[in-house]
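Please look through the sequence and the structure shown below before reading on. The report then takes up one residue and, after that, the meeting of two chains.

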Amino acid sequence: MNNKHQYVVEDVPSLKEAGERLAFPLFLFSLILFCFLLLSWAFLLPYISQVHMGGERTGVRELQSYHRELTERLVHAEDARERTVLPILDPLYLELRSKKLAMPSFLRVHEEVRRIAARIVPDIADAVTVERLDFVADTGALEITGRTGHVGPRSMTVLAQLTDALLQSSFIESLNQPAFTRQEDASGFFSPFLIRAQLTIPSVPSYE
Amino acid sequence: MWGGVGMLIVLSVLLLGVHILEARRARDIGLPLATVIPDIEKRLNIIEEHVELARVNEAINRGAPEEFVHMYVLPRDASMDRLVSSIEVLRDVLIKDGKLLKMTSIDIGDNIVEGEMSRWPVRFTVNVTEEGLRTVSLFLGIAGFFTVADVLTEQEIRQLFLYAESENPVGIIALEQFLSADLLKYTVEYQSLMDMVRKSFVSPAFDRLFTVLQEDSLLKDVRILLGGELGERLRRNNLWPLRFITVDKVTVTDGEAGTLEAKFETSAYSSK
């Protein structure tokens, strides 16, 4: 008896043959996958991508356009309410009212300058003397004339502290540094000054 | 065949991408919008209700403030008698209180036409105490403002409305009555006007806002200025509301004995 195994050598398919055999199942698979995805895109996706709002399902695009429309209506309604509630709607009056509210207030400027001048050297009442204040509302220009003194040889330092404090205040936008000089009279050292400043213009929205 | 397979795979991948994008849109845009929209709808309904209520109220009450503006605040004629009389009343009250020592004549320049309005330069100089300067400045600062709403900024009015929306939409009527109150009436009937609004809005948050508004806005200055004899004399002499005035230029110099000399250059307005 011949125990020797006999191997039948079959032909190994070439790549081309394998490709030909696989082509149809792969085509079928990709066709079915595509059809499913297409059906899902056409029928399922619009349904599952909807969100619940007020007991109803709505698409994201409808929701976006509805949100835009609502926001516009809200802005108009707010404008309408403000106009309706304002008792006086005369356009000329509203224009002047806005202009007046947008002007810097002389009283506030005057009080702030006096307050700042008084707190530079709190122990010496006349360390900073404001002799003259020129206020122009339209341009927001302010000129402060005065002198610092009664502080020994520190009058120029006190003047520098004054300009720093004015610059830090909310009502002054900018200022030109004054000339720093020290003079002497019977009362001791003093520094006269002229500070030119630009006031902050308050921002008041218009109802026009 | 392979070409067809490749094309179908590419199309499938594209469709899969579309699915992912749609799911993301629903999660990132749709869901947040769905939570925000009901609030906007509610707010819109309240504001539209406010507008309706305000229109009904306007039909009943509107007219008087506009007429006052046309007659007294921005009159069509060039007469200056009310303007001069009101400054005279201010002078008398300040002299009586010891806050004004001297006042020059009131110089009125030629009118300047600017579009739909005319402007008259008005100049005068006063010798005053610090308190007197404050009173004159406040007087000129509110000259021409007629109602509570006129002296409040848009932000201040909006804040009041926001509280009205969230707390009591119907309270808009009380709020509107408060905003349209004449400033002189506001100073005289301050407490009853405050009570009227507070009855409609009872939350501590609104009460805080309302109190701060009375103290931090121009309303406080109005109460200080018109709450005393000046307001009473303006009312008695039929000089309220005041002519619209803007302060153009002020020069303050130190005067004698701690007083101040203030030169005011102002403009009084008229409609054409």
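## One residue and its surroundings

In this predicted model, Ile46(B) is in contact with Glu165(B) and Pro169(B), once its neighbours within four places in sequence are left aside. Ile46(B) itself is found in helix H1 of chain B, which covers residues 2-61.

Is Ile46(B) buried or exposed? Ile46(B) has 20 other C-beta atoms within 10 Å, and because a residue counts as buried when 20 or more lie within that distance, Ile46(B) is buried. As for Pro204(B), which is 158 residues from Ile46(B) along the chain, the C-alpha atoms of these two residues are separated by 21 Å.

## Where the two chains touch

The contact between the chains takes 69 residues from chain B and 60 residues from chain A. On the chain B side, the elements that each supply at least two residues include H1, helix H2 (64-73), helix H6 (154-167) and strand E5 (245-254). The largest share of that side comes from H1(B), with 33 residues. Sorted by class, the side of chain B that touches chain A has 38 nonpolar, 15 polar and 16 charged residues.

Conventions: Residues are numbered from 1 along each chain as its sequence is written. Chains are lettered from A and ligands numbered from 1 in the order in which they are written. This is a predicted model: local features need pLDDT of at least 70, side-chain atom pairs count only at pLDDT 80 or more; totals for chains, interfaces and linings use all residues. Helices (H or I, at least four residues) and strands (E, at least two) are DSSP runs, numbered from the N terminus. A residue is buried if 20 or more other C-beta atoms lie within 10 Å of its own, exposed if 12 or fewer, and partly exposed in between; C-beta atoms are placed from the backbone. Two residues are in contact if their C-beta atoms, placed from the backbone, lie within 7 Å. Ala, Val, Leu, Ile, Met, Phe, Trp, Tyr, Cys and Pro count as nonpolar, Asp, Glu, Lys and Arg as charged, and the others, Gly among them, as polar.
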